[in-house]
Structure formats: C-alpha cells, structure tokens
Amino acid sequence: MPSASSMSMSVMRDRESSHADVSSHVKKIQRLHAISESITASATTSVPALCPECLQLLTQMLEKSDARARQEKKALATFIASVPKPTRSTKEPMQPSVFAVNSIDPTIASMHAERVSIHLEFQKLQDELGAIEQEEAEMWTAINDKLMAVGEAHDARDASVARLLEMESRLHIIRRMNLWNDAFYIWHKGPFGTINGFCLGRLPRHHIDWHEINAAWGDVALVVQLLAEAMGITFCNFQVVPLGSLSKIVRLHPSPVLEYSL
C-alpha cells in the first residue's frame, strides 16, 4: 500500500503536468485566435482570402483545441474538488489527573519545608561566620599588640646591648689606663726628678723655688700614703702625714716623737 508521502508526491506531479498542459493549450488557442483575427482582417482588406480547404482545416483545429481545453478544465476542477482540505486540530489540552495533583502537593510541601530548613541553617551559618570574623578581628588585634610589644622589647634589648658594648669598650680603655700615672705623673726634668711637673730638688747651678720643691714632696708623701693603704702596708715606726706643701713625717719610735717637715 503506497504511503501518504508517495501519494502526495504523485498528486503534486499530476497537478504540475495538468497545469503545463492547460498552459500549452491556452497558448495554442491564442495563436489560433490570432490567425483567425488576421484572416478576418484580411477579408476586409484587399488581401486575397484563404481557400475553403485551409479555412475548414483551421476551423477543425480550433474546435479540437477548444474541446480538449474544456475537458482538461473539467478534469482539473474534479481533481481540485477531490483533494481533502486540511482540518485544524481541535483537541483540548489534557487536564492533569487528580492522582498527579495529589502526588505533586506532598512534594511541594516537602520542598517548601526543606527550603525553610535550608534558610534557617544558612542564617545560623551566617551568625557563626559573623562570630568567627569578630573573633578573628580580636585575635588579630591581640597579635598586633603582641607584635608591637615584642618590637619594643627588641628595640630596648638592642639599645641595652649597644649601651653594654659601649660600656665594655670604655671599660677596656679604662683598664688600659694607669690611675697612678695619671694622678701622679713621675718623670724627670734635666737632672731633677719630677712629680706632676714639680721638681724634687735643687742644685747650685739650677735654682728651683722652695715652694715648688715643697709641693713636689707633698705629692710624694700623698702617693706613698695611698700606696701603703692600697697594698695594706702599715708603718710601725714612722707615719706619713700628707699636707700638701706642709707635709711631714712623724717618728713614733723610739721616743720622743719627732716631726720632720718635707
């Protein structure tokens, strides 16, 4: 049994062939009418008319063409009337069944409940996130305070270390210094020994003032007394009394006690 598509294709081919035949016959009829009009016009003019045989042949041709055109027109009208017209679908949309509606309602309710629970959980997570962020901010504040305190402690330590190094350097310099040499600089000046620049004697050819000599022997008495105290030495028979230019030595034993001015 031929399919609907093959039938429609054959119908289209028949329709196209019928249209082609009609158009060809119409053209033939138009040519014949043109010939007949030319013959009629020639009859009224001085042009000689056609012979009776030609006129009869032309009339027969016109009648045959007219009959064929009428038959084709009738066949075309019959074919067009036999072709079924397309009808629109009037089906109504299917209504959902009661079972489907009843099965959808619990699903919607469960989805709504799940949405509410998710929203509550999301809100809870938001609150926890806010608390965590607040705690993190406080923690970073504490860390920054600790870092500042550590930085200040490091600065204080560095300052103390620098001060200690400076003090050690000064101590090393001081240890290399001789206090006795700085306090009592003993040297010489020509034939005389000197202490702190004061001469310890005089000669006939080198006149030295007695005040300078007394000051020099006063420094000698002072350095002797200080050295004895520093080294823990005690004089048994004599006592040094440093009094500057008036320094003296006291004899304790044997009696009587005598004083010797320097």
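R170 is exposed in this predicted model. Its relative accessible area is 52%. The side chain of R170 meets that of E166 in a salt bridge, with an N to O distance of 3.1 Å. E166, at 44% relative accessibility, counts as partly exposed. Both residues belong to helix α3 (residues 98-176). They are four residues apart, so about one helical turn separates them.

A salt bridge also joins D66 and R70, at 3.4 Å from N to O. Helix α2 (residues 52-82) holds both residues. Their spacing is four residues, about one turn of the helix.

The side chains of E259 and K248 form a salt bridge at 3.1 Å, N to O. This pair links distant parts of the chain. E259 lies in strand β6 (residues 258-261), and K248 lies in strand β5 (residues 248-251). E259 is exposed, with a relative accessible area of 53%. A search of the whole structure finds four salt bridges.

D219 has no salt bridge, although this residue is buried. D219 is found in helix α5 (residues 210-231). The nearest side chain of opposite charge is that of K189, 13 Å away. A salt bridge requires a separation within 4 Å. Leaving aside residues up to four places away in sequence, D219 touches F184, I195, N196 and F198.

Terms used: Residues are numbered from 1 along each chain as its sequence is written. This is a predicted model: local features need pLDDT of at least 70, side-chain atom pairs count only at pLDDT 80 or more; totals for chains, interfaces and linings use all residues. Side-chain values use heavy atoms; hydrogens and water are left out. Helices (H or I, at least four residues) and strands (E, at least two) are DSSP runs, numbered from the N terminus. Buried means under 20% relative accessible area, exposed over 50%, partly exposed in between (1.4 Å probe, protein chains only). Lys and Arg count as positive and Asp and Glu as negative; His and the chain ends are not counted. Contact means heavy atoms within 4.5 Å.
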